[in-house]
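Work through the following exercises with the sequence and the model side by side. Each task sentence is followed by a solution that goes step by step.

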Amino acid sequence: MSDQIRVQLSFGSLEGARSESGVLVFKNIPFASAKRWQAPGPVGSFDCSARDPQSYGPAPIQPPPDPFWAKRSGELTELPTDEDCLNLNIWVGDLDTPKKSVLFWIYGGSYIQGYNYKRGYLPENFVKAHPEVLVVAPNYRVGVLGSLNLSSLTNQEEYRFSNNLALLDLVEALRWTQRHISAFTGDPENVTLYGHSAGSNAISHLLVMPSARGLFTRAIAQSSYMTDLGTVALDTSEEIGQKVFELTGVHTLEEALALPAGQLLEAQKALFHFKFGGSKASKMFSPVADGIIVMPDAFQCFADGRINARELMIGGSQGEYDQMFLKKDLEESRRFVVERNADKRITLEDVQRFVALHPEMTEKEAVMTVHNDLGLCLGGEFIGRACAKHIPVYEYVFCLRDPEEGWRALHGAPCNYVFGTVIPKGAPEQLERQMMDAWAAFIRTGDPNHPGIPVWPRYRPDGPVMMIDAQWRLADGYWKTDFSFWGPRFTEYALLKEGR
C-alpha cells in the first residue's frame with residue numbers, strides 16, 4: 001500500500017491507506033471495550049499512533065477454520081485471535097464527497113466463527129464499483145465467549161447480559177458508526193445492515209430490539225433468522241452453561257474468569273457431543289431469549305409492525321445446506337432429514353409427500369429442500385410475510401448452480417457476487433455487476449431496482465420472488481406450496497394467522 005491518508009476524529013488523527021484498487025481502507029479501529037462475559041462499553045480515546053494502519057485487528061477467539069472450506073475460498077487457515085477483538089474496518093472510495101450511504105456488514109459463522117476481513121467478504125471491489133457507498137465491518141464475540149449463561153455461578157449485575165454479547169457488540173458498533181461515520185464522509189441517517197448466516201440472524205434480532213432503534217435505516221437479511229431454531233430458550237442456555245462448567249471443572253465465577261481461552265474452546269468443542277433439552281430446539285450459540293435483550297415473544301414485533309427498519313430485503317441460496325448431503329445417497333439423505341428435524345415430527349411419509357409436490361426437482365434435491373426449508377428458509381419467509389404488511393419488502397432466491405461443481409447455490413454464495421470476490425470460473429459475466437447494482441440501489445434508496453434487471457416488485461405473501469440466475473426472473477407464488485405444506489408446524493404460523 002501507499003498514499004497514506006488521515007481522518008480527524010474527536011479522540012485523535014486516524015491513519016488509513018490506499019489499497020491497490022484505489023479504495024481507502026481504515027483497519028483495526030477499536031469501537032468498544034469489554035471484559036470477559038460483560039457487556040461492551042464505548043472505547044473512548046485510544047493511542048492512534050500505536051495502531052498499525054496496514055494490519056487488520058485480531059479476530060474473536062474461535063476454533064481453527066475448516067481446512068477444506070478455507071482452502072476452497074482462499075481464507076486464512078491460521079488466524080490471529082484475541083479476547084480484545086472489538087475492532088472494525090472501514091472501506092471508502094474518497095474523503096471528499098459527503099453523505100455517502102453506509103453499508104454495515106455483519107459476517108456469519110454460526111456464532112462460533114467469523115471475523116471482519118474474510119477474503120470472500122472484502123468489499124473493496126464493491127466500493128470501487130459504487131463509490132457512493134462506504135462499508136463498515138465490525139467484529140463481535142462468538143462461541144462461549146459471546147454467549148454463556150452464568151446464572152449458576154453468579155447473579156452480579158455486570159454479568160446479566162452474558163447470553164447475548166454478540167448482539168450487544170453489534171449495537172455498540174452501530175453507536176460508534178452513528179457518532180463517527182460522518183468523518184469518513186458517511187451519512188449516519190442512511191445506514192443499511194447486511195448480513196449472511198449468523199450475521200443475518202443477528203440482523204433479524206436487531207430489527208426488533210428496542211436498544212437498536214434509530215441506529216440504522218434498512219436491512220438485508222440473508223440465510224438465517226431469529227425464527228424457529230434461530231433463538232435459544234433460556235432454560236436451554238442454562239443447561240449449556242452448566243455443562244461448560246462441568247467440563248472445565250469450574251465451581252466459581254472467579255475460576256471461570258481465570259480459565260485460559262484455549263480450555264474454553266475445548267469445552268465448547270465437547271458440547272457438540274451432548275444433547276440439550278430445554279423448552280425449545282435450537283442451535284447452540286444463537287441469541288438467547290433472556291427477557292432482557294431478546295424477548296420470548298420477539299416475533300410478535302414483526303407481526304405488529306414494531307420494526308426498526310423502513311425497508312427490508314430478504315433471501316438466500318436455493319441449495320442452502322446442500323453441502324451436508326454431498327456424500328450421502330438418497331436413502332441416507334431421507335434418514336438425515338427426518339432425524340435432524342425431529343422437533344417438527346417429520347416422517348418419511350412427509351418427505352415423500354413433499355417430493356411429490358416438486359416434480360421439477362430431482363428426488364434428492366427435493367429431499368435436501370425439506371431440510372433447507374425447515375432448518376432455515378421458511379424462518380425467513382415468516383419474517384418476510386410479517387414485515388410485508390407494514391414496510392416494503394423485496395425477496396430473492398440466488399439459484400445459479402456452481403459453474404464448476406454443478407451444485408445448487410450453497411449457503412453464502414450471493415456474497416461473492418455482491419462483493420466481487422472468489423467468483424468461480426464460468427460464472428455469467430454480467431451477474432456480479434447486476435447484483436452489485438441491485439444491492440447498491442437498495443442501500444441508497446431502499447429499492448433494489450435498476451435498469452440492468454427485470455422489474456422487482458415489493459413482496460406480498462404468496463407473491464413474486466426474484467430468482468437470481470444467469471437470467472433474472474420473477475417466480476410468482478414461489479413460497480405458496482412450501483409455506484402451505486410446512487407452515488403449520490412452526491409456532492410463528494399461529495401468530496401470522498392471528499395478525500390477519
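The model is a predicted one, in which local features need pLDDT of at least 70 and side-chain atom pairs count only at pLDDT 80 or more, while totals for chains, interfaces and linings use all residues. Residues are numbered from 1 along each chain as its sequence is written, and side-chain values use heavy atoms, with hydrogens and water left out.

**Exercise 1.** Describe the second largest pocket by its volume, its lining and the classes of its residues.

Solution. Begin with the term: on a 1 Å grid over the protein atoms alone, a pocket is an open set of points with protein on both sides within 12 Å along at least five of seven lines, a cavity is a set where a 1.4 Å probe fits but cannot get out, and lining residues have an atom within 4 Å of a point. A volume is the space filled by probe spheres set on the points, which are joined across faces, edges and corners. For the second largest pocket this volume is about 480 Å³. Its lining has 31 residues, and Gln318, Asp373, Val397, Tyr478 and Trp479 lie nearest the centre. Two or more lining residues come from each of strand S11 (312-317), helix H11 (363-388), strand S12 (393-398) and helix H14 (480-486), where helices (H or I, at least four residues) and strands (E, at least two) are DSSP runs numbered from the N terminus. H11 gives the largest share, eight residues. Sorted by class, the lining has eleven nonpolar, eleven polar and nine charged residues.

**Exercise 2.** Which residues line the largest cavity?

Solution. The structure holds three cavities of 30 Å³ or more, and the largest cavity contains about 90 Å³ of space. Its lining includes Ser224, Tyr225, Thr227, Asp228, Leu229 and Gly230, together with Lys283, Leu374, Gly375, Leu376, Gly379 and Phe490. By class, five of these residues are nonpolar, five are polar and two are charged.

**Exercise 3.** Characterise the packing of H9 with H11 and with H10.

Solution. Two packed helices are described by the angle between their axes and the distance between the axes. Axes are lines fitted to C-alpha atoms, for helices over the stretch in contact, and angles run from 0 to 180 degrees between N-to-C directions. Helix H9 (residues 330-340) packs on H11 at an angle of about 15°, the axes being 9 Å apart, which makes H9 roughly parallel to H11 (a label for angles under 35 degrees). On the H9 side the contact (heavy atoms within 4.5 Å) is made by residues including Leu330, Phe336 and Val337, and on the H11 side by residues including Val367 and Val370. This contact has five nonpolar, two polar and four charged residues.

Turning to helix H10 (residues 348-356), its axis and that of H9 come within 9 Å and cross at roughly 115°. Here Arg334, Val337 and Val338 of H9 meet Leu348, Val351 and Gln352 of H10, and by class the contact has four nonpolar residues, one polar and one charged.

**Exercise 4.** Which residues of H3 and H4 meet?

Solution. The axes of helix H3 (residues 165-180) and helix H4 (residues 198-206) come within 10 Å and cross at roughly 75°, which makes H3 roughly perpendicular to H4 (65 to 115 degrees). Leu167, Leu170, Val171 and Leu174 of H3 meet Ala202, His205 and Leu206 of H4. By class, the contact has six nonpolar residues, one polar and no charged ones.

Note on methods
Nonpolar A, V, L, I, M, F, W, Y, C, P; charged D, E, K, R; others polar. Parallel < 35°, antiparallel > 145°, perpendicular 65-115°, else oblique.
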